[in-house]
Amino acid sequence: MESILLGLGLEEATAQILGAILKALIVLLFFVTVGGVLTWVERRLSGFMQSRLGPNRVGPQGFLQWIADGVKLVFKEDLVPDGADRVLFRLAPYFCLIGVFCTLVVLPWGSGIIIADLNVGLFYFISITSLVVIGVLMAGWSSNNKWSLLGGMRAAAQIVSYEIPVGLGLLVPILISGTLSMQGIMASQGWLPWDWMLFKSPFTVLSFFIFFVGSLAEANRIPFDLPEAESELVSGYCTEYTGFRYAVFFLSEWANLFVVGALTTVVYLGGGNLPGMISGLWVVSLLVFFLKTGLVVFLIIWIRWTLPRFRIDQLMKLSWKYLLPAAFLAFFGQALWMLLTWKLPLVQLAMAVLIFLTFLVLLYLFIKRVSVNIKEQKTSVNSPLPAEAGK
Amino acid sequence: MKTLHNSFESDGFVLTSIDHLINLARANSLWYLLFSTACCGIELMQTGGPRADLERFGSAPRAVPRQADLMLVAGTITLKMASRVKVLYDQMAEPRYVISMGSCANSGGLFQASYSVLHGVDRVIPVDVYLPGCPPRPEALLSALIELQNKVKKEKYLRKK
Amino acid sequence: MNTIGIYELLKEKTNVVASFQEVEGPTPSIYVRSDFLLEAMRFLKEDEELKFEILMNQTAFHETEDSKLFWHLYFDAPKDQDESHSHEELRLFWHLYSYTHYHRVVIESSIPIGNPVIDSVTSIWKGADWLERETYDLLGIQFEGHPDLRRIMMPEDWEGYPLRKDYVNPTAYQSIDNTPSEITRSFQPKGK
Amino acid sequence: MSAALKTDYLTINMGPQHPSTHGVIRFIIKTDGEIIHECDPDIGYLHRGIEKLAESVSWQGFVPFTDRVDYVCAMNANLSYSMAVEKLMGLEIPQRAEYIRVIVSELNRISSHAIAIGAANMDMGAFTPFVHLLREREHINDLLEMICGARLTYNYICIGGVNYDLPPGFKEKTLEFLDHFEVVVEQINRLISYNQIFIKRFANVAVVPPEMAMQYNLVGPNLRGSGVKFDVRVAEPYSIYPELDFDVPVGEGYEGTLGDCYDRYLVRVKEIRESIKIIRQCLQRIPGGEHKAVVKNVIKPPKGHIYFRTETPRGDTGYFIYSDGKTSPNRLKIRTGSFTAMSIIPEIAKGVFIADLVAIIGSLDVVAPELDR
């Protein structure tokens, strides 16, 4: 980027600054697009799951629905409720936005495609997402609305509680790869499923589970969507937000969905790793990365439209009583496992393949069970009467 | 001279087309407030359900008036409720629209002889589309929504000052 | 047990002033004078043979002169009370049911409209709470001993008791104009 | 720092417009953080004065109003009122009409319970079961539309029978629907009723012991959820119910204490199966003949009063009618299931979470217009 600008005859300092701004703009554009498209994907998918159609009027298959929503929200009136803390109320959405937006910097889109490969990438990731809590808390507090306040408090309690098991759970992949750099973690895995972090040992499976559950909670998705539980807290912390500021919340929430999917992909599902012979093709690598991320996102949406939500005490209990000890177990277990099999890579491989095969069997059983539902559904209803059919 | 004067006063090509685009976006994203009081509320739910599916038109339900563009007054409004309806309407952000769904919201309907029923929701808030029926069928509600979309598309959003 | 049996038991075991109302309609009832109500109700609930655990319904209505039905049957009513509310009165009904014996009874009573006060039965059945609040709200009957007698259906600042026969619909409430439109008025019967 | 920290309860206003209050009900709750200390329901936001209107319309003219008293199960409301007036008049109605009445009211019971179950799920955050049940409800609406041309407010059952005879093909379509729906009930159970999170949210919440249920006169599924085996269809049989074979499901503490939210919820699910059973029997036995007794245009029931109750989906609906022999009732009072269910909320919603209050409302199946009338 800078070199192109330098080529245009600009001074180096100017080029640096301009380059940074341009990069940020590109990422922002991507951020908006991803957030928007995901809202459309979620609405269509939820429609599909509920035997509806979902938005299909704007553009092909309603694909441009998110643009319509965005334009509409931008042109809505910007209200600041009476009695609200004006400064905090206006600032809060941007904290949420920055918290999610900055994580895109360290995401490796494929092998070698990364904006800034920090050597503390994962650490940076965990810490920058904490900004979201501040934003949510600020929004809840400043709105001068009791539902918002409750939502904000719930969010703060929930996200802070779940950050601990998630952080501890992520220690397992760090232990295996020996680095905090995202590119490094990705590089320590292979393209084959049993080379993925997920299947490496029983403890990585446990760690994946902890991470996934915790991420759902941090992203405020059902079954952990208590901060904005629609049937309880009306709309939670963003109850009083209108127009553009609400759009920012909306966008960062769905972009967060993508970020969670991407992080899961990078850390546990092998990222954009390719077989050795085509490892140079960055486009394919990007595609693989997006495919895997898409699958994870689909899984999250599927969960969202299937499960009911927890109660606040059950949520806390899950985090502190079950996930936290499990995270410690995973960490120490993995350390022990690595010590025991330090010199025996074949045992490690055998274990990985075994876990992968178990996963396949479980998947088969699950599909079989689900397909029973689909078969039963085919009982006819409202078929035309014999007399009507003859006409 | 007069025609020249008029041409300056008219809206101009750029504004018109931007307006057209904005209106297209707004018309296709009328989020409605989940506000059902009586019988029509069930039909509203059915309209949001699989067979009619309001979401096809980009109308998602919202629980909060702040984020809603469209208020579907579904059902009887009593005098006790009337001031609350006004508050709900005031909480919505501009531009906002109201569909008065069913006879009760239009005029008090079956209950207009009663001591506690408001004679039409238009006594407290302005109404854009009146939808008759007791209760209206989902198809009727969809047609009312399309009618409102047509109204939104014809508005002069940027040009109104 | 049928109503006449319950009535006889009530007469036999307590000194409640009551009368049995045999009418042409499908439901007979027991008329209890209003000052003996609590005693009679407590007996009906606690007696082993009766055991009316349930207050199914409690209601009242405003009886004007032309709708009076059974006045001549109230032989137990004192003479002076008779004169004070000879024109209009509020008649109350309690419908009791027993899950032990699967029988039901209708208790009725009446109070003058000038002084609509009667004992509350909330101490016997908790379910009477809201039923009595509703009766108070719509007919203006004061229940003595009710823990929380407020309006329930109508707003707190509502005037009048809507279910009384002489009630006139308001044309405005809290600065909201509610005068009937031309069309609405054309539906209303003449004279109203 | 010697002075103790002064804390106060947080008063929150829930409703009248709130996604989980199923219409317009308002709760004034005092909470200590998330835990409810005191809950005061404020109703009457949909009080339409139906009881007063009854005093100025004719006896038949009141039937459409009963539709609007409980729009989720309008047929049952029609049935209650019509039977009360018939009892008052001493009117005999044809056997075929009785069968048709039972069929349509049981169909409507299914659709009402579908809404109740779906709404309970939606309050717990699971939208999909609710939408699936709305889809199934459309089929019932189709069937009832075949009969009377209306989807929601039917005005079908009238004094003296039913307004129209069954259309041709109704039996086949109904049987087809029942075959389909039995499967759906199982699917919904697998999807949500046996879901562990859902059970955790509902079980052991807001326990109503049988004694308390009787004190507050809970009725219908809410009473049976507390383990009291009482059904008006069995205890005070009316219409053709004594000839039919069906069970009365009661709560047994399926996943916790007897009388908790989950019991009330599951009783509704089981009642759907019983209704399916009843409809099948009725369709098999339905006799021919007239569908309506001869009733004059202007009826004047004799002087007297009656309190008649039938089993509707939200408990027994009692119609108290006081007739003074004129062309309209002198006093008509409707005692509904939602009203008593609502009056128990201040008692059981103490020391529970805000989220539990939503569960309580969902499990009690409160419908605003039935509550306020």
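User: Where in chain D is D:Leu371 placed?

Analyst: D:Leu371 sits in helix 15 of chain D, residues 368–372; helices (H or I, at least four residues) and strands (E, at least two) are DSSP runs, numbered from the N terminus. This is a predicted model, in which local features need pLDDT of at least 70, side-chain atom pairs count only at pLDDT 80 or more, and totals for chains, interfaces and linings use all residues. Residues are numbered from 1 along each chain as its sequence is written, while chains are lettered from A and ligands numbered from 1 in the order in which they are written.

User: Why does D:Leu371 count as buried?

Analyst: A residue is buried if 20 or more other C-beta atoms lie within 10 Å of its own, exposed if 12 or fewer, and partly exposed in between, with C-beta atoms placed from the backbone. D:Leu371 has 29 C-beta neighbours inside 10 Å and therefore counts as buried.

User: Which residues is D:Leu371 in contact with, leaving aside its neighbours within four places in sequence?

Analyst: Two residues are in contact if their C-beta atoms, placed from the backbone, lie within 7 Å. On that basis the partners of D:Leu371, leaving aside neighbours within four places in sequence, include D:Ile25, D:Ile43, D:Phe339 and D:Val366.

User: What makes the radius of gyration of chain A agree with that of a compact globule?

Analyst: The radius is taken over C-alpha atoms, and the globule rule is 2.2 Å times the number of residues to the power 0.38. For 391 residues a compact globule would have a radius near 21 Å; chain A has 23 Å, which agrees. Buried residues make up 47% of the 391 residues in chain A, and its secondary structure comes to 15 helices and zero strands.

User: How many residues does each chain bring to the contact between chain A and chain B, and which helix of chain A gives the most?

Analyst: In this contact, 30 residues of chain A meet 17 residues of chain B. Helix 3 of chain A gives the most to the side that touches chain B, with six residues. That side of chain A divides into eleven nonpolar, ten polar and nine charged residues; Ala, Val, Leu, Ile, Met, Phe, Trp, Tyr, Cys and Pro count as nonpolar, Asp, Glu, Lys and Arg as charged, and the others, Gly among them, as polar.

User: What does the contact between chain A and chain D take from each chain?

Analyst: The contact takes 32 residues from chain A and 39 residues from chain D. Helix 10 (230–233), helix 13 (312–340) and helix 14 (345–376) of chain A each supply at least two residues of the side that touches chain D.
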